[in-house]
Structures are given as structure tokens and as C-alpha cells.
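The model comes first, and my notes follow it.

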Amino acid sequence: MTPQHPDDWKAKEVPAPPGLKKIAPYWYPYTTMTKMRWIGRELLEVVSTEFRDRSMEYYRYALESGVTTVNGQVASPTTKLRDGDRIENVVHRHEPPVTNTPVKVLYHDVEREFIVVDKPGSIPVHASGRYFKNTLIEILVTDFGFKKVYPANRLDRLTSGLMIIPLSPQRARLLTEEFTAGTVKKEYVARVRGKFPEGELICEQPLLTVDRQMGLNIVHPEGKPAKTVFNLIRYDDNTDTSVVKCEPHTGRSHQLRVHLQYLGYPIANDPVYSDKKIWGENRGKGGVDTTPSDERSAPTAPPHLQALTEEHGSPESLAKDNNSPSSLPLGGNGVNGNHKTTAHPENPSIGQSLTNDTPSLTSNNGEAEPKTKPKLLPRETGEDIGMGSPVPLSAEAVGVITRLRNMKDEDEDWSRWRDVVFRVKGALNPHSLIVTPPPLQNRRKRGGKATFVNNSSKNANAGSHPKNTENPDASALGESTPPTAPRGCGGEDSATPSSSVIGGIGDGSETGTLTSTPNPIATPLAGTDVPPPATNSNTAITTKPDPLPQYTEQEIISKINSMEPTADINSLVQSDDLYCPECYLPLHPDPKPEKLYIFLHARKYTTSLGAFETDMPEWAAEGWTWDQS
């Protein structure tokens with residue numbers, strides 16, 4: 001079949017260690033509509049609580065760079081979101097590495113319009129978080145040439161196995177009705193810790209999602225009903241693990257993983273539900289306490305970075321004490337409020353000191369009054385934990401989420417805590433392409449696709465780049481040439497959230513398209529000829545953003561060198577470059593391939609279309625061993 005996307009839209013693979021597949025990062029126009037939980041909240045608060053890939057300081061910097069619009073108007077960090085607002089932003093997408101195990105199409109029924117596929121672990125079904133091109137849907141369209149696919153169910157990213165995927169809306173509706181009615185018989189296989197009991201074991205504990213960022217689910221009395229039937233296949237004494245058949249009678253998120261954990265037999269390599277460092281010695285057996293608690297604590301830097309964050313300011317805090325050393329730049333002496341002013345090495349006019357953003361007030365007698373202490377955002381205080389939970393969380397649940405976040409940070413080389421290189425850069429400004437403005441309000445569709453349009457040829461023919469004096473940053477600009485990857489810039493592993501200029505706002509279901517033309521002008525465009533959008537009284541309109549605090553190049557090099565942590569034991573290849581030159585993302589070490597999937601496989605489905613099954617996964621073989629370091 002012929003691929004459905006142009007060649008320049010296909011994933012550009014880059015060299016990767018054995019067992020991994022990596023693609024080059026790329027600029028991407030992103031569109032979503034305001035979600036109910038965002039209404040009435042400021043944009044920076046929404047971004048910083050929904051996503052954790054970058055530091056608080058970086059998210060503010062990106063928003064102040066003008067790469068995000070609300071209803072076509074450049075938004076600021078304090079823009080308040082309303083119901084029906086359309087949010088668009090340009091992101092530099094760094095997709096995490098995935099395993100190089102290919103997607104397999106096991107069966108294609110042309111007449112009845114469906115396919116049966118074997119999905120490898122490590123790729124999600126739908127676009128979400130950092131993933132778009134390395135998703136099952138996109139691979140089936142781009143690599144296999146299916147015009148469009150309509151999944152009626154999904155598997156977790158870490159789970160491998162069989163999926164029946166309709167190729168038409170009509171087939172999708174019929175199959176979805178079967179899944180909803182519970183008439184589809186599903187059979188999974190898992191390798192779990194310990195000696196699983198013989199005979200049939202049934203778990204009917206209700207399940208509840210309590211943290212979207214980490215994708216955490218727990219057994220909770222307020223959760224949704226769930227039922228799973230388990231049967232032992234084999235116990236392997238050499239690894240003290242059991243291969244178990246799992247038959248879910250409902251389809252809750254992480255149902256098999258949480259039920260097995262609750263019974264005391266978690267999946268042997270599950271990074272979320274089987275780690276003593278997260279759950280304690282019993283690994284979450286019997287569930288967690290559900291007594292509500294208001295106990296929260298602000299995030300803290302890891303021990304090897306604490307001295308630097310105390311001296312130069314934490315990138316995870318925006319409300320720095322005016323009199324503390326954290327408000328001073330590198331080189332500041334902190335004596336009598338005097339400190340060094342730094343400048344961008346290529347543009348001294350944008351150099352500024354790194355004191356608190358809030359200006360000092362002057363009284364009538366000329367004496368300086370104390371600055372107003374800025375409000376703390378939920379992420380700065382730890383109050384963001386539990387914001388997305390439908391029930392109040394217990395102290396034990398809060399501790400689990402905190403430890404999961406710290407584990408993710410450690411796996412990613414503590415990148416958020418060394419997310420400072422943008423301080424020596426100018427405002428984010430992708431090149432040559434603009435994001436088209438949204439349609440008129442009465443013609444606007446919910447979500448929909450944003451597009452990149454190259455505006456270079458028109459301006460090149462004119463011989464100049466005219467400025468839009470009314471709103472010079474009315475559009476976010478993007479790159480038109482096929483992206484190439486700097487060394488080590490292929491991506492990084494993540495459980496959920498996006499990595500981008502600001503972050504893929506939304507859940508990834510509302511995506512953008514890319515239009516590229518050859519030989520673009522390399523310099524950024526100053527403006528566009530599109531008419532300005534209608535005014536939204538609740539949207540903060542910004543023109544050229546104010547200059548941002550900068551470090552000198554020598555200072556940032558010194559800071560980077562001193563902040564580099566000990567090499568991670570899971571790293572296969574350590575990047576030669578610590579930061580992406582396009583979006584200044586701190587680059588992560590590559591994971592081991594076996595860290596990108598879990599021992600859970602969807603082996604057989606029985607539906608009205610027939611019964612379909614895959615072979616047993618290799619890790620289910622008798623006596624099978626794996627690297628448990």
C-alpha cells in the first residue's frame with residue numbers, strides 16, 4: 001500500500017544503540033480546546049501542572065517568547081482560559097526511543113474492513129504526551145499505507161499484544177459496542193513476582209485513576225467496578241516468578257497491573273507497580289491507605305544539585321525571595337543588593353540581571369518599598385499532587401506519587417533541575433514558517449488541525465521582511481526543512497508527559513499537520529500579511545516580549561559542567577551535547593530496551609468477527625531470564 005503522508009512527514013530515523021529505534025526531533029504545530037479543568041485558570045498554571053518535562057522557569061520563558069496563541073492572539077503566562085478557547089502552540093517534539101521490535105499485521109479482512117495487529121511494547125496506540133510518529137496509529141498510516149484506522153480499544157504503551165482495528169467508522173461502531181457490552185473475551189499472559197497460587201483466583205477490587213501525569217491507578221472504594229480472573233500457567237524457580245493467564249471481564253485502565261499488585265504478585269518488571277523504593281517492602285500488596293490528608297511538600301533538588309540551586313536559584317521556583325542568593329545571577333555578590341548584570345554574547349541589549357521579576361515600588365518620599373511577594377503556583381508548593389484526582393488523597397498515596405516523580409526525574413538525568421541553558425539564549429523563535437490563524441469563530445471546529453505555511457518566498461520576492469507594527473508576534477514561527485538530529489537528540493524515555501517548546505497541550509488527540517517547501521529563508525520572519533483576529537477581552541495580548549534574564553556563555557558552560565551528575569547505570573549512550581540547540585531541552589541518556597516494556601501481553605481476543613491470537617511472548621518461555629540490574 002502507498003503511505004498516506006508525504007516523505008517529509010515520515011519519521012526521520014537516527015542512529016540508535018542496539019535494540020532501540022530513535023527519530024529526529026521536529027517542529028510541530030499543536031492545537032487543542034480548553035478542557036473543563038482548565039477553565040478560569042492562568043495559562044502558566046495550567047501548563048506547569050499538566051506537564052513536568054521542563055522546569056517552571058522554562059515554561060514561563062517559553063510562554064513569554066510568544067509561541068502560544070489563544071484564539072489566534074499571542075498569549076502570556078497570565079492569560080486566563082475560557083470555555084471554548086482554542087489554544088495553538090509550536091512545539092519541538094523529542095519523541096522518546098522505542099524498541100526496534102516492528103509492528104506486525106497478522107490479518108487483513110478487506111471485505112469486513114478490519115485488521116489484526118501485534119503491537120510491540122513501548123509504543124502507545126494513540127498520540128499522547130511526547131509520542132506522535134512513534135504511535136501505532138501513525139505507523140499503520142505512514143508505514144503500512146492504511147488511509148485511516150479506528151481503534152475500538154487500546155493497550156497500555158508498555159503492554160504488547162493483539163489488537164483488532166477497524167478500518168471504517170461503521171466497523172468501529174459495531175466493535176466498540178461489543179467491547180462496551182462486555183461480550184469480547186480477552187486473554188492476556190503476564191510474568192509476575194513470586195509463586196502464584198494454583199487454581200482460579202478472582203480479583204474484583206474497584207479501580208480509580210488518581211494522577212494523570214504518572215498514570216497512577218489504585219484500588220479505592222470510590223473507583224469503578226473491575227473484575228479479573230487469574231490462573232497459573234507455570235512457576236519458574238530460577239527467577240522466583242510465575243507465568244499467569246489473565247482474563248479481564250472489564251476494561252479499566254491498568255486493571256491487570258493493579259489487581260496483580262493488590263494480590264501481592266506484581267508484574268516482575270513493572271516500573272510503576274513493582275518497585276520497593278516506591279511502595280515499600282510489600283510492593284503495594286493490599287492497596288494503599290485511603291484516609292484523606294492535606295500533607296504536601298514543595299519539590300526539592302537532588303542532593304548533588306542542591307548547593308547550586310541554593311546559590312543561583314532553582315529553575316523549579318518562580319517566586320524567589322528578593323533578598324536571597326537565589327535571586328542573584330552567577331557572579332552576583334549579594335552585598336547591599338549589588339550584583340553583576342549579564343548580557344547575551346551576540347546581543348548585549350538583551351542582557352539583564354536575574355533579580356525577581358516583580359518591580360520595586362517607590363513611595364512618595366522616594367524610598368523604595370518592599371516588593372510584593374508573588375503568589376506561589378501549585379507546582380511550587382506541591383499542591384499540584386492530587387489536583388486531578390476525583391477524591392482527596394491519603395498521605396501514603398501522596399508519598400507514592402512523589403516517589404514516582406523522583407524516579408522519573410532520576411531516569412531522565414534530573415533534566416528539569418539543570419534546565420537553565422535557555423537563560424543564555426534569546427526568545428524562542430523557530431524559522432521560516434508561520435502557523436495559520438484559526439478560522440472565524442462561527443466557522444471554528446472543535447480542536448482540528450493547525451498547519452505550517454511557508455511565507456518565505458513571498459517575502460523573498462519583495463526583497464524585505466515587513467514588520468507588523470500592530471502585533472509583531474501575532475503568529476508563532478516554525479521550521480520548514482526536514483529536521484535533522486543533533487548528536488544525542490533523538491529523544492528520551494518518558495511514561496506520559498510531552499517534551500516540546502511548551503509541551504503538547506492536551507492529550508495528543510488533536511494534532512497538527514506540516515507543510516514544507518524547499519529552500520526556506522533561514523532568518524525568522526518579522527510578521528505576516530494575515531489580518532489580526534478579533535479581540536478577546538479575556539486574552540492577554542503581548543507584543544515583543546520583554547528581554548529575559550541571561551547568563552553569559554562562560555557562566556552557563558561553567559554551570560553545566562559543574563552540574564553534570566554521575567552517569568546513570570541504565571545509560572547505553574551518553575549524549576555529547578547536553579542540550580538541544582533548537583529548544584534547549586536537557587538531553588536524556590538512552591534507556592535499555594528491556595526497560596521500555598513490561599511482561600504483559602494481550603494474547604487472544606474472541607469477538608463476533610472470530611477468534612484471533614498471537615504466539616506466546618519470548619519472556620513467557622520456561623526458565624527465561626533477563627537483566628534485573
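I began with Glu613, which is partly exposed at a relative accessible area of 43%, where partly exposed covers the range between buried (under 20% relative accessible area) and exposed (over 50%), computed with a 1.4 Å probe on protein chains only. Glu613 forms a salt bridge with Arg603, and the closest N and O atoms are 3.4 Å apart; the term requires a side-chain nitrogen of Lys or Arg within 4 Å of a carboxyl oxygen of Asp or Glu. I noted that this pair links distant parts of the chain, with Glu613 in strand β23 (residues 610-613) and Arg603 in strand β22, 10 residues apart.

Before going on I wrote down that this is a predicted model, in which local features need pLDDT of at least 70 and side-chain atom pairs count only at pLDDT 80 or more, while totals for chains, interfaces and linings use all residues. Residues are numbered from 1 along each chain as its sequence is written, and side-chain values use heavy atoms, with hydrogens and water left out.

Next I looked up the other salt bridges, of which a search of the whole structure finds 26. Asp270 and Arg257 form one of them, with 2.8 Å between the closest N and O atoms. Asp270 lies in the loop between α5 and α6 (276-279) and Arg257 in helix α5, so the pair ties together parts that are 13 residues apart in sequence; helices (H or I, at least four residues) and strands (E, at least two) are DSSP runs, numbered from the N terminus. Both Asp270 and Arg257 are buried. I also found a salt bridge between the side chains of Arg41 and Glu45 (3.2 Å, N to O), and these two residues are buried as well. A network of salt bridges links Arg52, Glu316, Arg379, Asp409 and Arg416.

I then turned to Asp156, where an unreviewed UniProt entry places the feature "active site"; UniProt positions are given in the numbering used here, feature names are shortened, and annotations may be inferred rather than shown by experiment. Asp156 sits in the loop between α3 and β10 and is buried, with a relative accessible area of 13%. Leaving aside neighbours within four places in sequence, Asp156 is in contact (heavy atoms within 4.5 Å) with Lys119, His254 and Arg257. That Arg257 is the residue I had already recorded in the salt bridge with Asp270.
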